Amino acid sequence: MSGDHTLVCDDITRRFGGVVALKNVSMAVRRGEIFGLVGPNGSGKTTLVNAITGFYPPQIGRITLDGRQINGLKPFRIAAMGVARTFQNVALFHGMSVLDNILMGRHIFMKPNPLASFFYPWWARKEEVAHRRHVEEVIDLLQLAPARDEHVDVIPLGLQKRVELARALCAEPKLLVLDEPMAGMNQEEKEYMVRFILDAQEALGLTVLIIEHHMDVVTALCDRVLVLNNGQEIAQGPAREAIADPRVVEAYIGKPRYAA
Ligand SMILES: Nc1ncnc2c1ncn2[C@@H]1O[C@H](COP(=O)(O)OP(=O)(O)OP(=O)(O)O)[C@@H](O)[C@H]1O
Ligand SMILES: [Mg+2]
């Protein structure tokens, strides 16, 4: 099934002790699309992202990236194969500047070789220049120039989320995985973030998997979605159709997070 698909999850089951966080979940993300993961609190969205990125591999099932099996690989190997992610709770390096945090996204390309650097300082310099060039491109794309020298601890949450996105983009991913990138943002910040994600996807030719619970954002961004409830699929397909499915509406009734 790989051909047109960047990511395929086949029959994924993940338990934590007695809790079945995901049960027989399958999905296929097409190359170049923005695919949404939707569902009420505790429905298994982050667990699926953790399975894909290698943090908590599934006990059952198969995950492939461009046709190559990745479940069973360590997170850094999966990252090196072109999967970059952001976290539901912002995970930046405290005490460091915006620029240094973004530069950390390049670490997967940095292969320390002191001997080579000693004999060929020009080579190390060339590498450094290439890293800087990518970082500057991303800073421009996400309009982070005015904040580049700020400490990440003192900037607003919305900006911290953008820095995290920038760090992920600096890894030059083929698959960008975003876990609630708009959480805690006001309407204006959300609209900016939607724009930045669309711009980045177009400029960098990305495939995007995004967990999102704001339905206006889902319909603005996503080509297709998978809706989970209690660890199982309740709908999958084009965004508008899937979130209008009666089972999805029912799953959200009384749930405060079905926010427009
Ligand atoms: N590391 C873990 N250890 C134990 N249980 C876990 C772990 N991660 C997730 N779970 C459990 O798995 C279920 C699904 O959680 P998950 O975080 O994937 O939900 P979610 O859809 O991301 O929810 P939210 O919208 O609140 O972020 C929950 O019952 C949760 O308690
Ligand atoms: Mg979550």
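In the predicted model, helix α6 is followed by Glu172, a residue whose phi is positive, near 50 degrees. The helix itself, which comprises residues 157–170, has 14 residues and reaches 20 Å from its first C-alpha to its last, close to the 20 Å expected at 1.5 Å a residue. Helix α6 is mostly covered, 13 of its 14 residues being buried.

The largest nonpolar core has 51 residues, of which Ile102, Leu221 and Val225 touch the most other members. Helix α6 gives the most to this core, with seven residues, and the core draws at least three residues from each of domain 1 (1–82 + 173–260) and domain 2 (96–171). Apart from this core lies another, of 25 residues, among them Ile52, Ile70, Leu226 and Leu228. When neighbours within four places in sequence are left aside, Ile102 is in contact with Val135, Ile139, Leu144, Val163, Ala166, Arg167 and Cys170.

Across the boundary, 19 residues of domain 1 are in contact with twelve residues of domain 2.

Helix α7 (residues 187–204) has 18 residues, which at 1.5 Å a residue should span 26 Å; the C-alpha atoms at its ends are 26 Å apart, in agreement with that expectation. The buried residues of α7 are Lys190, Met193, Val194, Phe196, Ile197, Ala200 and Gln201. Viewed down the axis of α7, these buried residues fall within an arc of 165 degrees, so they line one face of the helix. An α-helix has 3.6 residues a turn, so residues three or four places apart point the same way. The face of α7 turned away from the buried side carries the exposed residues Glu188, Glu202 and Ala203. At the start of α7, a side-chain oxygen of Asn186 reaches to within 3.1 Å of the backbone nitrogen of Glu188, whereas just after the helix Gly205 takes a positive phi of about 60 degrees.

Glu180 is placed in the loop between β7 (175–179) and α7. At 3% relative accessibility, Glu180 counts as buried, a class that requires a value under 20%. The side chain of Glu180 is joined to that of Gln88 by a polar contact of 3.5 Å.

A further positive phi, of about 50 degrees, is found at Asn24, although this residue is not a glycine. Asn24 lies in strand β2 (residues 19–30) and is partly exposed, with a relative accessible area of 42%.

Notes:
Residues are numbered from 1 along each chain as its sequence is written. Chains are lettered from A and ligands numbered from 1 in the order in which they are written. This is a predicted model: local features need pLDDT of at least 70, side-chain atom pairs count only at pLDDT 80 or more; totals for chains, interfaces and linings use all residues. Side-chain values use heavy atoms; hydrogens and water are left out. A nonpolar core is a set of buried Ala, Val, Leu, Ile, Met, Phe, Trp, Tyr and Cys residues joined through side-chain atoms within 4.5 Å. Buried means under 20% relative accessible area, exposed over 50%, partly exposed in between (1.4 Å probe, protein chains only). Helices (H or I, at least four residues) and strands (E, at least two) are DSSP runs, numbered from the N terminus. Domain bounds come from an automatic or database domain assignment. Contact means heavy atoms within 4.5 Å. The expected span of a helix is 1.5 Å times one less than its number of residues. The arc is that of the directions from the helix axis to the C-beta atoms. A polar contact is a pair of N or O atoms within 3.5 Å; within protein, one must be able to donate a hydrogen and the other to accept it, and residues adjacent in sequence count only if both atoms are side-chain atoms.
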